[in-house]
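This briefing accompanies the sequence and three-dimensional structure displayed below.

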Amino acid sequence: MLNIEGQQARLQNYLSNNAATTTTLQTQLTSVQAINEQASTMQGLLVTASGQDFTSQSPSNVATIQDIQQKAFAALDQIAYFLNQKVDGKYVFGGNRSDT
């Protein structure tokens, strides 16, 4: 009877560990997809802007550059947010030191 209880406890531990790992992997996937979306958006903005001549500091050029800069900072904030995601108090992209 003790042997069965020990096996049952180990199996329950495996199930708990698998559930925690699944949650962590789902969080990582969601974060990577969001980061990819931010990178793709910025790439599109920069590709579009690369076809323009910004040598003059016309109000239109300045506004376009400021808009791109604002969007780049917002994208950076979003990327930092997703890289700092936690599951059960541990960073999902923390490597071996997931608590710091």
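Relative accessible area sorts residues into buried (under 20%), exposed (over 50%) and partly exposed (in between), using a 1.4 Å probe and protein chains only. The model is predicted, so local features need pLDDT of at least 70 and side-chain atom pairs count only at pLDDT 80 or more, whereas totals for chains, interfaces and linings use all residues. Residues are numbered from 1 along each chain as its sequence is written, and side-chain values rest on heavy atoms, with hydrogens and water left out.

**Salt bridge**
- A salt bridge places a side-chain nitrogen of Lys or Arg within 4 Å of a carboxyl oxygen of Asp or Glu; by this rule the count is 1.
- The partners are D67 and K71, whose closest N and O atoms are 3.2 Å apart.
- D67 and K71 are separated by about one helical turn because they stand 4 residues apart in helix α2 (residues 59-83).
- D67 is partly exposed at a relative accessible area of 31%, and K71 is likewise partly exposed at 37%.

**Helix α2**
- Helices are DSSP runs (H or I, at least four residues) and strands are runs of E (at least two), numbered from the N terminus.
- Helix α2 has 25 residues and reaches 36 Å from its first C-alpha to its last.
- The buried residues of α2 are N61, I68, A75 and F82.

**Individual positions in α2**
- N61 belongs to helix α2 and counts as buried, with 11% relative accessibility.
- Beyond its neighbours within four places in sequence, N61 is in contact (heavy atoms within 4.5 Å) with D53, F54 and S56.
- I65 also lies in helix α2, but I65 is partly exposed at 42% relative accessibility.
- The C-alpha atoms of I65 and A49 are 8.5 Å apart in space, while the two residues are 16 apart in sequence.

**Nonpolar surface patch**
- Patch members have over 30% relative accessible area and no salt bridge; like charges are joined within 9 Å, and nonpolar side chains (Val, Leu, Ile, Met, Phe, Trp, Tyr) within 5 Å.
- V32, L83 and F93 form a nonpolar patch with about 240 Å² of accessible area together.
- Accessible areas come from the Shrake-Rupley method with a 1.4 Å probe, and for residues only the protein chains shown count as cover.
- V32 is found in helix α1 (residues 2-50) and is partly exposed, with a relative accessible area of 46%.

Notes:
The expected span of a helix is 1.5 Å times one less than its number of residues.
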